[in-house]
Amino acid sequence: MSEVTYAPGELKRARYAVATVFCVHGAVTGSFATRVPWIQEHAGVSAGQLGLALAFPAIGASVAMPLAGRLSHRFGARAALRGLLALWTLALVLPSLAPNLLTLCAVLAVYGATAGMSDVAMNALGVEVETRLDKSIMSGLHGMWSAGALIGSAGGTLAAHMGADARLHHLLAAAVLTVAGLVACRWVLDLRPSEDEEPPPRFTLPPKSALLIGAVGFCAVFAEGASLDWSAVYLRDVLDTSAGLAAACTTAFTLTMAVARIAGDAVVDRFGAVRTVRLSGVVATLGALLVVLAPNPPVAMAGFGLLGLGIAVVVPLAFAAAGRSGPNPSQAIAGVATITYTSGLIAPSAIGTVADATSLVVSFGLVTALTCGLMIFAGVLRGADRTRAAEPDAAVVRSN
């Protein structure tokens, strides 16, 4: 990208603007997730068919994410983000319109493609703002995404409780979120490529650095997906707790992650990315062990809380490291995003498959093993440490 000097006030506005973008992005996800039962009934699909359809957002995202870098190169980072975010917020309307399985799969692929491309664009801008501010902000940005998801979920829960038609709910939500996103994009950094900079390829395999960084993200997202989808089931089936308490465990896990992400930047600035992730791996592994060994619901809930606390900052730091791992930040971020999306896709079904063959306790033994990987492989996130990234002998060199 071409070098442009920004005043401190401009960088501060850009930080708040991209934080708002993350919040809007998360709100779309929360709004959709709460109305899935309505969408299933409207499309007339079985549980198994719904599971098939819900794989298509990840498929669409994985195919489309490499295009985000090329769009940013052609139109500039601000214009690309503005267009991609608007496509994502408007795509919220599509799933509720699907009348059958075939159309539901198709619109969910489009929904996922717009989600993935806007995800790459906003993370690339977030990394750039973090670099120019020379302070950690990526954890807080992802915390804003979680806050947005909670806001969207709250609105969706209220709409469902009122018996509102999801088509009307999503139309109104899409309108509000599109306007909010367009307004926020006015103040993000308007980065443009230098004249001699080659455009990134339309489609390419992720660079080796992204594969290594993505592997760490894979471990964290697998633990997150397993906990979100199976924590309530675990408390109900393994520890024989009530449905209400089981559901509260999932909500507590989500809140723990959101709070930890918002507060995580101070920890990263104090200890650096690598030590933070190693410490996170210790906390997450302890939490997973508590879940596996829990004799009663309170211990298991404490374990899930520690899991959320431990994995909260890993993915933001993975994106930050990817954004500084080579000459094409968007390409590396797209590679990491593809791996993490894949992890989120396979985690729930993998936990269920292992549970069917053995037990849920054994399934979370697998989660424990993966959280140990955070401690072992944290060093590949060295690029997320801004001071280390600037050193010639650093494992990952920061690029501008």
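How far apart should the ends of helix α7 (residues 101-133) be, and how far apart are they? At 1.5 Å a residue, its 33 residues should span 48 Å, and the end C-alpha atoms lie 47 Å apart, which agrees. The model is predicted.

**Helix α7 and its ends**

- Most of α7 is covered, with 25 of its 33 residues buried.
- The N-terminal end of α7 is capped by N100, which has a side-chain oxygen 3.3 Å from the backbone nitrogen of L102.
- After α7 comes D134, and the phi of D134 is positive, near 60°.

**Aromatic pairs**

- The structure holds six aromatic pairs by the ring-centre rule, among them W88 with Y111, whose ring centres are 4.7 Å apart.
- The planes of W88 and Y111 stand at 50°, so this pair is tilted.
- W88 is buried because its relative accessibility is 1%, under the 20% cut-off.
- Y111 is also buried, with a relative accessible area of 5%.
- Another pair is F304 with F364: the ring centres lie 5.6 Å apart and the planes are at 90°, so the pair is edge-to-face.
- F304 sits in helix α13 (residues 297-311) and F364 in helix α16 (residues 360-377), so this pair links distant parts of the chain, 60 residues apart.
- F304 has 0% relative accessibility and counts as buried; F364, also at 0%, counts as buried too.
- F32, W88 and Y111 are joined into a cluster by ring pairs.

- Side chains of opposite charge can pair when their charged atoms come close.
- Six salt bridges are found in the whole structure.
- One of them joins the side chains of R324 and E130, at 2.7 Å from N to O.
- A salt bridge between R167 and D165 has an N to O distance of 2.7 Å.
- R167 is partly exposed at 35% relative accessibility, and D165 is partly exposed at 28%.
- In the salt bridge of D190 with R192, the closest N and O atoms are 3.6 Å apart.
- D190 counts as partly exposed at 26% relative accessibility, and R192 is partly exposed with a relative accessible area of 41%.

- A nonpolar patch on the surface is formed by L168, L171 and L172, which together have about 300 Å² of accessible area.
- L171 is located in helix α9 (residues 166-185) and is partly exposed, with a relative accessible area of 48%.
- L71 lies in helix α5 (residues 67-75) and counts as partly exposed at 28% relative accessibility.
- From C-alpha to C-alpha, L71 and T29 are 23 Å apart in space, and they are 42 residues apart in sequence.

How values were computed. Residues are numbered from 1 along each chain as its sequence is written. This is a predicted model: local features need pLDDT of at least 70, side-chain atom pairs count only at pLDDT 80 or more; totals for chains, interfaces and linings use all residues. Side-chain values use heavy atoms; hydrogens and water are left out. Patches are made of residues with over 30% relative accessible area and no salt bridge: like charges are joined within 9 Å, nonpolar side chains (Val, Leu, Ile, Met, Phe, Trp, Tyr) within 5 Å. Accessible areas come from the Shrake-Rupley method with a 1.4 Å probe; for residues, only the protein chains shown count as cover. A salt bridge is a side-chain nitrogen of Lys or Arg within 4 Å of a carboxyl oxygen of Asp or Glu. Helices (H or I, at least four residues) and strands (E, at least two) are DSSP runs, numbered from the N terminus. Buried means under 20% relative accessible area, exposed over 50%, partly exposed in between (1.4 Å probe, protein chains only). The expected span of a helix is 1.5 Å times one less than its number of residues. A polar contact is a pair of N or O atoms within 3.5 Å; within protein, one must be able to donate a hydrogen and the other to accept it, and residues adjacent in sequence count only if both atoms are side-chain atoms. Rings of Phe, Tyr and Trp (its six-membered ring) pair if their centres lie within 6.5 Å; planes under 30 degrees apart count as stacked, over 60 as edge-to-face and the rest as tilted.
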